[in-house]
Amino acid sequence: MNLVAHLSRPSSNGTNQAVNKVVILLLLTIVASTVVACGGDDAREASKATKNATGASPSEFSDSGPITLHLGYFANVTHAVPLVGLNNGIFSQELGANVTVDGKTFNAGPDVITAIFAGELDASYIGQSPAVNGFVQSDGNDVRILSGAASGGAALVVKPEITEPSQLSGKRIASPQLGNTQDIALRNWLKQNGVAAEENGGDVSVIPTANADALTAFKNGDLDGAWAPEPWVTRLVQEGGGHILVDEKTLWPNGQFATTVLIVRTEFLSDHPDVVQKLVTANVKTVQWIKDHSEESKALVNQQIEAITSKALPKAVIDAAFPNVEFTYDPIQSSVETAAKQAHDLGLLQENPDLADLFALDILNAVLAKQGLAPVSR
């Protein structure tokens, strides 16, 4: 599913009322826990981290009972929060024994939205543009952003001989998938620099390509560049011999933009507020843990990437990629709204939507308040 088609979906009666009730209840929720540090490096870091996760937080919600949470994420450094939290025990301890996490991995966000609409996912880590697309396609009914997870960590990598935008004329550039976050960023930047994509009146071929395939094609000379998230940026440089022409954070105020956010299917939020509150708490605590345990987090991320792809990243790749990403529970709402306008201006979104109802930030802010942390705002 992509941003080209604006699909209509039936409205869900009572959804907003249900969500409002959830928010009110969440403001009364008591969440308290501390993060337990662990030491060591490489494989021992991962092992120790797995055994030393945070303690579980009590909740005033009645348990939903045994339930499976279908959670989506990618095998990318920009998705370090679920990769770390599922690996070191934070998610399992916060969600509790009654919640079984069924993790599902994806290459790009539009496929996540397809799974959300099909009821195959309850929540997912995803880029900002597909989150907006899911909200718009469902007439504002099916998707809510609960929290941020990562900012930065995306760039345009090109062949060494390409040093300015004009040299991209007639070239072949990859993005992970039509309508995903990097795809919108690439098409918007090309248009602003006078070398638009073919679909926008220019002569640059933007080719939606899975990240792993883009690296292979770049190395073989079949692509001239790719706008990608980490660790693919670093791999395109280190393994493909490319260089960064545009670091996306240079295009945003204060260098911050939502690369990864946490979304939930609205029906699941209404039916299982206890699980959602615990998921948000796990997300916040994992963000904090990563900030305090950089080396251990790198080991855990690489461990999960190996489990998913059967191949770990070289140490040089993970060491270079990790600092390029800022892990944050702030969804940076202003950047999501800007990206939506960009998609509209590119003709990939048929309307410039009002996104106020997309954000369920009261849930996040209730969790932050109980932990003595400052609230996030627009």
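This is a predicted model: local features need pLDDT of at least 70, side-chain atom pairs count only at pLDDT 80 or more; totals for chains, interfaces and linings use all residues.
Local features were taken at pLDDT of at least 70, side-chain atom pairs at pLDDT 80 or more. Residues are numbered from 1 along each chain, and side-chain values use heavy atoms, without hydrogens and water.

Helices (H or I, at least four residues) and strands (E, at least two) are DSSP runs, numbered from the N terminus. Six strands form an open sheet in the order 2-1-3-10-4-11, with mixed pairing; two strands pair if DSSP finds at least two bridges between them. Strand 2 (99-106) and strand 11 (325-327) are the edge strands. The twist from one strand to the next averages 25 degrees. Strand 4 (residues 143-152) and strand 10 (residues 258-265) run antiparallel and are joined by seven bridges. Here V143 stands opposite R265.

Helix 11 packs on this sheet, and its direction makes about 5 degrees with that of strand 4. Angles run from 0 to 180 degrees between N-to-C directions, with axes fitted to C-alpha atoms, for helices over the stretch in contact.

Helix 11 and helix 12 pack at about 115 degrees, with axes 5 Å apart. W289, I290 and D292 of helix 11 meet S294, E296, S297 and L300 of helix 12 (contact: heavy atoms within 4.5 Å). Helix 12 (residues 294-309) has 16 residues, which at 1.5 Å a residue should span 22 Å; its end C-alpha atoms are 22 Å apart, in agreement. The expected span is 1.5 Å times one less than the number of residues. S310 follows helix 12 with a positive phi, near 70 degrees.
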